[in-house]
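Good morning, colleagues. Please look at the sequence and the structure now on the screen, and I shall then take you through selected parts of the packing.

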Amino acid sequence: MNASYLNTADGAELYWEEVGDGPRVLLVHGGTGSGAFDWEFVRAPLARSYRLLMVDLRGHGRSSDPLDRLSLDQIADDIEALLERVGGCDAIMAFSIGASAMITLLCRRPALTRAFVCIGGSTAGDPKQVEGIVNGPWPAELKGLHHDHATDNEYWRALRGKLARSWAGHRVTANELARLVTPTLVLCGDRDRVEPVESALSLSRSIPNGELLVLPRCGHFAPRERPAELSAMVESFLDRVLARD
């Protein structure tokens, strides 16, 4: 395993690690998670065919955020800087708020990668939902997840609040999505109450090279709920797309 930190211009240290061999696939986790936690169950099967580059978003896991700049736009900027540091990637797979940030990034720079797997991503936030997100229930596993720079046991609430408020202003237009020409697999669970099937269907139809895959009996956290099926479908998609070049 290869592991290191990216030192950003604002003084943050972003932890990343690589495992496996083959085409490089960047994995971007969701809000209040970490690279190790979100991808725990898909890491081994995918590392047999790909070199997985896993990053902890700023303020999450082992990464710091000294100036308190966590937001969707900052996630996109950090990922762009990381890819410049490591020499790019062949594919990006992102989950939830990480996927939403990657949609924005790839609309801006579609040539940044050759394939994109979007799991539970969003193209439009809703300010009216922020209070419900901030004060609503949260998975127990995420509440108890360790973050190196946490200040107290309620640190996850601070992360959730920052991302919810940032998401409220998130909006990707139809014209912007039309520029996302990267071959994209939009993946969702049929029981996802965060980003339902209807949202995933609309996104897949709005992207020029979009495809939709719905996992049965699965909620929002597909990488942990249905890892075997997800890994197999992602590998099939990536093998097909990456073989074109």
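Let me begin with a definition: a residue is called buried under 20% relative accessible area, exposed over 50%, and partly exposed in between, using a 1.4 Å probe and protein chains only. Helices are DSSP runs of H or I with at least four residues, strands are runs of E with at least two, and both are numbered from the N terminus. This is a predicted model, in which local features need pLDDT of at least 70 and side-chain atom pairs count only at pLDDT 80 or more, while totals for chains, interfaces and linings use all residues. Residues are numbered from 1 along each chain as its sequence is written, and side-chain values use heavy atoms, with hydrogens and water left out.

I start with helix α9. Which residues of helix α9 are buried? In this helix, residues 197-206, they are Ala200, Leu203 and Ser204. Viewed down the axis of α9, the buried residues fall within an arc of 95 degrees, so they line one face of the helix; the arc is that of the directions from the helix axis to the C-beta atoms. On the other side of α9, Glu198 and Arg205 are exposed. What do the buried residues of α9 pack against? Their partners are α4 (97-108), β6 (116-119), α8 (174-177), β7 (184-189) and β8, where contact means heavy atoms within 4.5 Å.

Ile75 belongs to helix α3, residues 72-86, and is buried, with a relative accessible area of 2%. Leaving aside residues up to four places away in sequence, Ile75 touches Leu57, Leu70, Ala101, Met102 and Leu163. Of these contacts, let me take Leu57: Ile75 and Leu57 are 18 residues apart in sequence and 6.8 Å apart in space, C-alpha to C-alpha.

I turn to the aromatic residues. A pair of aromatic rings is described by the distance of the centres and the angle of the planes. Rings of Phe, Tyr and Trp (its six-membered ring) pair if their centres lie within 6.5 Å; planes under 30 degrees apart count as stacked, over 60 as edge-to-face and the rest as tilted. How many aromatic pairs does the structure hold? There are three. One of them, Tyr5 with Tyr15, is edge-to-face, at 5.4 Å centre to centre and 65 degrees between the planes. Tyr5 lies in strand β1 (residues 2-7) and Tyr15 in strand β2 (residues 13-20), so this pair ties together parts that are ten residues apart in sequence. Tyr5 is partly exposed at 32% relative accessibility, whereas Tyr15 is buried at 7%.

Phe95 and Phe221 have ring centres 4.6 Å apart and planes at 20 degrees, so the pair is stacked. This pair links distant parts of the chain, with Phe95 in strand β5 (residues 91-95) and Phe221 in the loop between β8 (210-215) and α10 (222-225), 126 residues apart. Phe95 is buried at 3% relative accessibility, and Phe221 is buried at 15%. Ring pairs join Phe37, Phe95 and Phe221 into a cluster.

Charges also sit over rings, by which I mean NZ of Lys or CZ of Arg within 6 Å of the ring centre and within 35 degrees of the ring normal. Arg62 lies over the face of Tyr15, 4.6 Å from the ring centre. The charged end of Arg224 sits over the ring of Phe37, 3.8 Å from its centre.

A salt bridge is a side-chain nitrogen of Lys or Arg within 4 Å of a carboxyl oxygen of Asp or Glu, and the structure holds 17. Arg224 forms one with Glu40, the closest N and O atoms being 2.9 Å apart. That pair links distant parts of the chain: Glu40 is in the loop between α1 (35-38) and α2 (43-47), and Arg224 is in helix α10, 184 residues apart. Is Arg224 buried or exposed? At 14% relative accessibility, Arg224 counts as buried, while Glu40 is partly exposed at 42%.

Asp10 forms a salt bridge with Arg69, with the closest N and O atoms 3.7 Å apart. Asp10, Arg58, Asp65, Arg69 and Asp78 are linked in a network of salt bridges.
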